[in-house]
Amino acid sequence: MVQSVNSALSNMLEKDEDVILFGEDIGYFGGVFRTSDGLQSKFGKHRVFDSPLSEGGIAATAFGMGINGLRPVVEIQFADYIFPAYDQIVNEIAKVRHRSGGEFWCPVTFRTPAGGGIRGGHHHSQSPESQFTHTPGLKVVYCSTPYNSKGLLISAIESNDPVIFFEPKRCYRGPFYGDPHNVPTWKGHSEAEVPDSHYNIPLGQARIAKEGTDCTVIAWGTMVHVAEKAIKDSGINCELIDLQTLIPWDKETIVNSVKKTGRCVIVHEAPKTSGFGSELSASIQERCFYNLESPIERVAGWDTPFPHTTEWDYMPSPARIIDAIKKTQEE
Amino acid sequence: MSSEEEGNITIHVPDAPFRPGDNPVFDKWKWSPDDLKKPPIDCESEETSAHSRGLVRVIDDEGMAYGDWDPNLEYKEILQGLKHMVRLRIFDDRMMKMQRTGKLSFYMQSLGEECIAIAQTMALEEQDWIFPTYRQPGAQFVRGRSMVSMICHCIGNVEDNVKGRQMPVHYTYKKGRFISISSPVGTQFSQAVGVALASKYKQLNEVTITWIGDGASAEGDYHYGLNFASVYKAPVILNVVNNHWAISTHYNMASGSTNFASRGLAYEIPCFRVDGNDFLALYSVTKWARERAKIGLGATHIEILTYRTGAHSSSDDPSRYRPSNEHEFWPGGDPIERLKIHLIKNYDWTDEKHLQLENEIDAEVILAYKEAVKHGDLANGPYPSSDTIFTEVYENVPWHLQEQWDEMNKWKVD
Ligand SMILES: Cc1ncc(C[n+]2csc(CCOP(=O)(O)OP(=O)(O)O)c2C)c(N)n1
Ligand SMILES: [Mg+2]
């Protein structure tokens, strides 16, 4: 996935002169996760460059560049460090189109590695998507594989709306099936093949990762793979939906699936309370109430800070997901 | 196109002076211990202008100490400083080795910067508050924390006083008035001002010291800290550790100015640039700042000039972004070596004694390590119970957490 993100950035730098990249350590060094490796030497220091260590400064600068005709793609080194930029994102970037009567807008993309599973403790593990899904004016994307990371990132950059683009850092080098001792690479995965050339996956479109009839399981980021493993082990014929875009989420795919299966489990690693699962659960209930055979289940991170040594008791595990799937089959 | 020409037609982006493959060349330091006089303790900030643009030194290139800033410490005290520094270096080395075997997830060394927290904490009183970054763990040695307890935190075992919640190096040591280190860089810097103001409100003779990196000085917190300290005349010592690097970016990416110290002048806070590898100079300037804070004259701003000799962290490979021998050319040298030479030239310290000290400390560290791993380590456990995920989130456990806690117990893996 490191290479596919890099390839998306490269395609966009090539295609559009107004695209520029900046962020902490992303220029000469190519980023602490290596996602912009080689791009500075390929496109020049004026298009791919380091920034001072200042997320608030990065966001504010991106705002200014964005309304003045550029298409900045900035990196926040870890999603946990997006909060110094929060004011600029929430009060400024998200609202400028609306508050200026449509005269200004800011097509900036914030890329940021998110999520747990790397023994990162409180501040290198959080998954703060719902802090942004709750902000009108922002699109929110969460990729999960090499293939969708590239197609989604290109669409995010091309979007004239600001996009918060989460990359599940645990999956940069391979999928994660919930077992920290099993560390596969992407090799051989059905979503590992990535064309070199430009392609889009439209924002707002979910991906049916596996078709099924008995329960709809919705996940994003790392949890897509954990849920896949759980489904396999559950012996129940579930449909797995990789949400991909959280705002705006793919109403049609989800509603159709839940109407078909009559049961639903939502999985995310962010805390449960006010997590995006709450929104999905409420909306699905509003739209599919008469098709539901059992209550919607949510499997999420606990409402606590993300721990260091005990992270495997924090992150949703296949066992917890299997239990939730089974519960939906009971009624 | 040269970078100057490029700068005229597009965005100016500074690059580090030396990158891999370049030959690092540094000018020899032009500053000597005689340059700068100690200003009166109640001076105007303007009177420190030369101090902020020069470099306060006590130990010269030959290891001799002199000048107005010489704190005239007793041999015993300087030797104590040297011991703490050697202790920290050997401790770091052991922890890096343990990290490679998976006994801890991550580590950050103080290599080349051992002097800073140790000299400055020694210059303070025991009631003073310490608001460090991850590169000032040495303050804990001065405040008497046991190595075993520090290792237990780093390897996240059942004796970790923060219960396996934080990454290694994120120490908390309340007994030593050493706050809990937090990963988001810079946050401690402005918080320290609040601690100092609370001490003032309570009319206590307490001063707070804090540090921030050259890189992190670009965060808002650095500027909030200076401003609040300036407005309220907080009894706080505000240090910027300029170790040349913030992961892969040179300090010229943190600021368009090459001088961090003089920023204090704009806030009317006295400011000094200090040789960060000079134990005596750091000690002396910190004493001055503490004295000034104590008599109600507020903050002092200090730039500590040093060099990050090691990798940023155990996850970092600096050979990708800087010449791997760059530190050998930097004129500031090595803080331990410099203090050792000073002691040899002026007291009855010898190479043999130094070697013996290293051996003793090595044995002490190995003993501490063996003791600590008895209580578990990250590779093998046992870990703090996962109940610790739910405790101390709030003062009391609310119902929704209790429900989730019960749920977790059904699925415990650790
Ligand atoms: C708010 C925030 N942004 C980014 C990071 C990632 N990060 C950790 S340390 C570091 C560099 C810090 O450099 P500097 O302040 O010079 O301190 P040094 O490591 O040199 O001691 C970065 C970018 C972070 N921890 N917090
Ligand atoms: Mg630094």
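**Figure 1. The two domains of chain B in the predicted model.** In this predicted model, the centres of domain 1 and domain 2 of chain B, taken over C-alpha atoms, are separated by 37 Å. The domain assignment of chain B places residues 40-308 and 329-383 in domain 1, and residues 386-414 in domain 2.

Figure 2. For chain A, the domain assignment gives domain 1 (2-171) and domain 2 (207-330). The centres of these two domains of chain A, taken over C-alpha atoms, are 26 Å apart. Their contact takes 27 residues from domain 1 of chain A and 22 residues from domain 2 of chain A. On the side of domain 1 of chain A that touches domain 2 of chain A, at least two residues each are supplied by helix 6 (129-133), strand 5 (139-142), helix 7 (146-158) and strand 6 (163-168) of chain A. Strand 5 of chain A gives the most to this side, with four residues. By class, the residues on this side of domain 1 of chain A are eleven nonpolar, twelve polar and four charged.

**Figure 3. The contact between chain A and chain B.** Chain B contributes 44 residues to the contact, and chain A contributes 36 residues. On the side of chain B that touches chain A, the largest share comes from helix 14 (residues 399-411) of chain B, with five residues. This side of chain B has 22 nonpolar, 14 polar and eight charged residues.

**Figure 4. The surroundings of ligand 1.** Ligand 1 is surrounded by 21 residues. The closest are A:Tyr81, B:Gly213, B:Gly215, B:Ala216 and B:Ala246. Because the surrounding residues come from chains A and B, the site of ligand 1 is shared between chains. The shell around ligand 1 divides into nine nonpolar, seven polar and five charged residues.

**Figure 5. Helix 6 and helix 13 of chain B.** Two packed helices are described by the angle between their axes and the distance between the axes. The axes of helix 6 (residues 147-154) and helix 13 (residues 351-373) of chain B come within 9 Å and cross at roughly 50 degrees. Helix 6 of chain B is therefore oblique to helix 13 of chain B. The crossing of helix 6 of chain B past helix 13 of chain B is right-handed. Helix 6 of chain B makes the contact through B:Met147, B:Val148, B:Ile151 and B:Cys152, while helix 13 of chain B uses B:Val365, B:Ala368, B:Tyr369, B:Glu371 and B:Ala372. This contact between helix 6 and helix 13 of chain B has eight nonpolar, no polar and one charged residues.

**Figure 6. Helix 8 and helix 11 of chain A.** The axes of helix 8 (residues 223-234) and helix 11 (residues 318-330) of chain A come within 8 Å and cross at roughly 55 degrees. Helix 8 of chain A is therefore oblique to helix 11 of chain A, and the crossing is right-handed. Among the residues of helix 8 of chain A in this contact are A:Val226, A:Ala227 and A:Lys229. From helix 11 of chain A, the contact includes A:Pro318, A:Ile321 and A:Ile322. By class, the contact of helix 8 with helix 11 of chain A has seven nonpolar, one polar and three charged residues.

**Figure 7. Helix 3 and helix 4 of chain A.** Helix 3 (residues 55-67) and helix 4 (residues 86-93) of chain A pack at an angle of about 25 degrees, with their axes 7 Å apart. Angles under 35 degrees count as roughly parallel, and helix 3 and helix 4 of chain A are therefore roughly parallel to each other. A:Gly56, A:Ala59, A:Ala60 and A:Phe63 of helix 3 of chain A make the contact with A:Gln88, A:Ile89, A:Glu92 and A:Ile93 of helix 4 of chain A. Five nonpolar, two polar and one charged residues form this contact of helix 3 with helix 4 of chain A.

Figure 8. Most residues other than glycine have a negative phi, and most peptide bonds are trans. In chain A, a cis peptide bond with omega of about -5 degrees joins A:Ile247 and A:Pro248. A:Pro248 lies in the loop between strand 10 (245-247) and helix 9 (251-261) of chain A. In chain B, the peptide bond from B:Gly381 to B:Pro382 is cis, with omega near -5 degrees. The loop between helix 13 and helix 14 of chain B holds B:Pro382. A:Arg119, a residue other than glycine, has a positive phi, near 55 degrees. A:Arg119 is located in the loop between strand 4 (109-114) and helix 6 of chain A.

Notes. Residues are numbered from 1 along each chain as its sequence is written. Chains are lettered from A and ligands numbered from 1 in the order in which they are written. This is a predicted model: local features need pLDDT of at least 70, side-chain atom pairs count only at pLDDT 80 or more; totals for chains, interfaces and linings use all residues. Domain bounds come from an automatic or database domain assignment. Two residues are in contact if their C-beta atoms, placed from the backbone, lie within 7 Å. Ala, Val, Leu, Ile, Met, Phe, Trp, Tyr, Cys and Pro count as nonpolar, Asp, Glu, Lys and Arg as charged, and the others, Gly among them, as polar. A residue is near a molecule or strand if its C-beta atom, placed from the backbone, lies within 6 Å of it. Axes are lines fitted to C-alpha atoms, for helices over the stretch in contact, and angles run from 0 to 180 degrees between N-to-C directions. Angles under 35 degrees count as roughly parallel, over 145 as roughly antiparallel, 65 to 115 as roughly perpendicular and the rest as oblique. A crossing is left-handed if the near helix is turned anticlockwise from the far one by less than a right angle, and right-handed if clockwise.
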